[in-house]
Amino acid sequence: MDVRSFLAQTHDPAARRRNYQELVRQYYDGVTLFYRHGWGECFHFAPFSGRETVPAAIEAQHRLLVRAAGIKATHRVLDLGCGIGGPARSLARLTGAHVTGVTISPEQVKTARQLTRRQRLEGCCEVVLGDAMKLAYPDASFDVVVTIESACHMPDKAAFYAECARVLRPGGRLAGWDWIFTPRGDVEAERREHAEPICAYFALPALSTLEEIGEHLRAAGLSVVRLEDLDVGERRWFEPLARRLENPLSQVASRLSSTLAMMQRSGELLVRAARAGAFSALGFHVSEKPRATS
Ligand code: SAH
């Protein structure tokens, strides 16, 4: 990817909103290969105490999501912003449900389909190209909608959650977690110092607070069952990332490739913001679409 031209555009918040499709696609088409081989099939974080392996922490987070969303074998599940389908395949395996993943990156669709075929999960898992802001599905098509660290890419968060609610059947649940801005003191100073650089490096139009996510869910007509930052106590999600960034090999690699240099810098921004208490990757939410009353 042309990192210089990408960052020139993403440093302008209005451009990130206006050109979100192009910028998010450029970002993930460029980094997906590195994420896959450097991080794994799931492009997300999880609470981490240091006593478990990273794959175990990730699977525990999937189990939490399954319980919170109430996913059953008979369910049709929609995973919005699905990466290369790691979580979609894991949810399908854990529950027997049928999971459809949507991503805006053609590169991710290609990789997701290869992995799904290789793991013989074509019967219960499919990944399609699409924009989660404008879904092609009719109203009430899914029993459960999940979103894992992807809503932060959406240019209009209220419209995104309304779209999630639209495709959900009455009684169905929306659950997931997202990157959140968690300012403690001077909001504008923390936004400039922490939130804005993260948004620029990851092609995020803007970061929401947990409270804002709650407001969007309610405005979409959903009743909020759970809303909490899972980044608490000693279960710090960013420790595996911090270790990776400190590895001398990562530092050498980032001198050889401009994409890796951007990823190294962007990882450092996450860790710095999280240590300062201004950012969490684990803004967890569960909500339910009310059943129609007649
Ligand atoms: N949930 C996945 C990926 C998280 S990365 C996982 O945990 O592995 C964010 C994902 O959101 C990427 O796959 C990106 O392509 C997707 N995304 C961002 N904006 C999108 C949009 N408007 N429509 C569909 N997918 C989008």
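Trainee: Which residues line the largest cavity?

Mentor: The largest cavity is lined by W39, H44, F45, A46, F48, V54, A57, I58, W237 and P240. The model is a predicted one, in which local features need pLDDT of at least 70 and side-chain atom pairs pLDDT 80 or more, while totals for chains, interfaces and linings use all residues. Residues are numbered from 1 along each chain, and side-chain values use heavy atoms, without hydrogens or water.

A cavity is a set of points on a 1 Å grid over the protein atoms alone where a 1.4 Å probe fits but cannot get out, and lining residues have an atom within 4 Å of a point. One cavity of 30 Å³ or more is found in the structure, and the space in the largest cavity amounts to about 50 Å³. Helix α4 gives the largest share of this lining, with three residues; helices are DSSP runs of H or I of at least four residues, and strands are runs of E of at least two. In the lining of the largest cavity, nine residues are nonpolar and one is polar, with no charged residues; Gly counts as polar, and Asp, Glu, Lys and Arg count as charged.

A pocket is an open set of grid points with protein on both sides within 12 Å along at least five of seven lines. The second largest pocket has a volume of about 280 Å³. It is lined by 16 residues, and C42, P55, I58, E59 and H62 are the closest to its centre. The lining of the second largest pocket comprises six nonpolar, five polar and five charged residues.

The largest pocket has a volume of about 980 Å³. Among its 48 lining residues, Y27, Y35, F43, F202 and M263 lie nearest its centre. Helix α3 contributes seven residues, the largest share of that lining, and α10 (239-246), α11 (248-256) and α12 (258-275) are among the elements that supply at least two each. By class, this lining holds 28 nonpolar, 15 polar and five charged residues.

The ligand sits in the largest pocket, in the sense that more than half of its atoms lie within 2 Å of the grid points. Around the ligand are 22 residues, of which F43, G81, Q108, D131 and A132 come nearest; a residue counts as near if one of its heavy atoms lies within 4 Å. This shell is made up of 12 nonpolar, eight polar and two charged residues. Both α3 (20-38) and β2 (98-103) supply at least two residues of the shell, and α3 gives the largest share, three residues. Q108 places an N or O atom of its side chain 2.6 Å from an oxygen atom of the ligand. A polar backbone atom of G83 is 2.9 Å from an oxygen atom of the ligand, and a backbone N or O atom of I104 is 3.3 Å from a nitrogen atom of the ligand. Such pairs of N or O atoms within 3.5 Å are polar contacts.

Key
A polar contact is a pair of N or O atoms within 3.5 Å; within protein, one must be able to donate a hydrogen and the other to accept it, and residues adjacent in sequence count only if both atoms are side-chain atoms. Grid points are joined across faces, edges and corners, and a volume is the space filled by probe spheres set on the points.
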